[in-house]
Amino acid sequence: MEEDSGESGVVFYDVGQHDKLMSLCLQEASADVDLDNLSLIHKNINPVCIKENSFKVQTSSALNAVEKIIGNITFLQNSGLKTGIVLNRSKVSENSRHTNKEGEILGIGINSPIIIVKDQITGEINAQKTIMLARFDGDQIMAWYHLQEKDLAPELYAFKMVEDRVVMNMEIMKGKTLQHVLDKITLNSDQAIGLSICVLDGLLSAYECLRQKGYSHSDMHAGNVMITPKLNIKVFDFDAAKKFLQNSQKLKEDVLEIIRMFCALYSGDNLTSRDIANQILEERSLETFSSKLRSQLTQAQRQELFKILMMLFDSVAFPEQENYGDTADVSNYVKKNMPGDEMKKQIAVLLFPEDFQFKEVADCGTGSKRMRTDVTSVWEDPSMEDYVLNVTDQKLNELQHFVLAC
């Protein structure tokens with residue numbers, strides 16, 4: 001690409017007859033172009049426009065809003081590009097119109113509410129979010145798509161541009177937000193700690209997935225985290241998601257919010273804000289941490305909590321450090337301390353009683369009745385290998401005698 005400095009303070013890039021490429025520059029606000037492949041290399045912070053009567057791209061510090069809009073419209077007119085994509089045709093049809101189902105609002109994002117709609121062709125109900133085109137950023141979709149591939153976000157069914165808006169259709173998630181759990185559900189200390197470990201494991205998986213792809217969520221908080229009936233998590237609301245530069249402050253902000261959510265579940269104290277959490281952990285003092293923690297934890301529990309928080313904090317303590325933002329060591333430690341299935345079931349009953357059946361069962365020998373809980377669609381079917389190893393003929397005969405005796 002040939003560079004020309006025709007006017008003082010203004011740099012021109014000669015792209016010859018590649019007018020389509022110039023339009024791409026205009027749309028993406030980038031002057032970094034790969035002429036061999038006719039594609040953009042990466043986004044640039046400087047806006048770009050086409051100089052009048054010239055096949056050149058002008059980089060300026062302030063782009064006239066009218067020229068930008070005209071350029072964008074011209075690009076769309078001439079490009080012939082599709083303005084939407086359906087990722088799951090079993091849920092959303094390409095040409096279907098949608099109707100609101102009772103106008104129900106599922107939630108409010110940074111830019112718009114999320115409502116329930118029904119696809120008139122597939123008959124499927126899904127969630128729909130609409131944002132203004134001016135607020136749309138491709139980073140939102142890319143961060144979302146990377147997480148949904150790992151089942152760490154709601155499935156994105158489709159998105160398309162409609163006039164001056166972008167409409168997105170997605171899975172309606174089943175579960176409860178972390179904020180709802182913190183506000184409405186009472187757990188004892190062991191249950192709270194067990195759940196906090198499960199949630200932290202999921203949050204770190206989501207964080208690492210985005211970090212390794214070069215994105216930050218940038219709006220991590222308890223209202224944007226869904227806990228599913230299997231005690232997994234899904235992160236949503238990607239309005240603030242961004243591609244980040246190396247060792248970005250955005251990574252530290254995400255980690256500090258994860259620290260606050262984990263601490264809130266584990267101890268009942270969310271450390272008030274990112275800044276306060278940062279100040280407390282910078283002192284690296286268990287005594288200071290314990291004095292500021294508004295919780296009834298035992299000393300041993302405080303020590304364990306502080307240990308995990310410091311491991312997280314150390315991953316983003318200094319921007320110049322090696323492997324900045326890498327939380328793999330914390331993730332491995334957390335996985336070794338995951339609660340067992342019995343504890344998970346106790347927690348699941350409290351969070352999702354609708355997924356459990358409560359039956360009266362005769363108590364053999366006494367005539368009294370007791371309550372038994374059966375899990376429905378919460379846990380996976382038991383392993384048949386375990387069944388073969390543990391259920392012997394002798395045990396089956398003993399069970400037969402027991403049933404006959406009843």
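This is a predicted model: local features need pLDDT of at least 70, side-chain atom pairs count only at pLDDT 80 or more; totals for chains, interfaces and linings use all residues.
Author: Just after helix 5, G214 takes a positive phi of about 90°.

Reader: What is found at the start of helix 5?

Author: There, a side-chain oxygen of N188 comes to within 3.1 Å of the backbone nitrogen of D190.

Reader: How many of the residues of helix 5 are buried?

Author: Buried means under 20% relative accessible area. By that cut-off, 20 of the 25 residues in helix 5 are buried, and the helix is mostly covered.

Reader: Which residues form a nonpolar patch on the surface?

Author: The patch consists of I85, L87 and Y145, which together have about 230 Å² of accessible area. One of them, I85, sits in strand 7 (residues 84-86).

Reader: Why does I85 count as partly exposed?

Author: Partly exposed lies between the buried limit of 20% and the exposed limit of 50%. I85 has a relative accessibility of 41%, so it falls in that class.

Reader: Now the rings. How many aromatic pairs does the count come to?

Author: Rings pair if their centres lie within 6.5 Å. The count by this rule is three aromatic pairs. In one of them, F262 and Y266 have ring centres 5.5 Å apart and planes at 65°, so that pair is edge-to-face.

Reader: Where do F262 and Y266 stand in helix 6?

Author: An α-helix has 3.6 residues a turn, so residues three or four places apart point the same way. F262 and Y266 are four residues apart in helix 6 (residues 249-267), which means a separation of about one helical turn.

Reader: Is F262 buried or exposed?

Author: F262 is buried, at a relative accessible area of 1%.

Reader: Which parts does the pair of F289 and F306 tie together?

Author: F289 belongs to helix 8 (residues 286-292) and F306 to helix 9 (residues 299-314), so the contact ties together parts 17 residues apart in sequence. F289 is buried at 1% relative accessibility, and F306 is buried at 11%.

Notes:
Residues are numbered from 1 along each chain as its sequence is written. Side-chain values use heavy atoms; hydrogens and water are left out. Patches are made of residues with over 30% relative accessible area and no salt bridge: like charges are joined within 9 Å, nonpolar side chains (Val, Leu, Ile, Met, Phe, Trp, Tyr) within 5 Å. Accessible areas come from the Shrake-Rupley method with a 1.4 Å probe; for residues, only the protein chains shown count as cover. A salt bridge is a side-chain nitrogen of Lys or Arg within 4 Å of a carboxyl oxygen of Asp or Glu. Helices (H or I, at least four residues) and strands (E, at least two) are DSSP runs, numbered from the N terminus. Buried means under 20% relative accessible area, exposed over 50%, partly exposed in between (1.4 Å probe, protein chains only). A polar contact is a pair of N or O atoms within 3.5 Å; within protein, one must be able to donate a hydrogen and the other to accept it, and residues adjacent in sequence count only if both atoms are side-chain atoms. Rings of Phe, Tyr and Trp (its six-membered ring) pair if their centres lie within 6.5 Å; planes under 30 degrees apart count as stacked, over 60 as edge-to-face and the rest as tilted.
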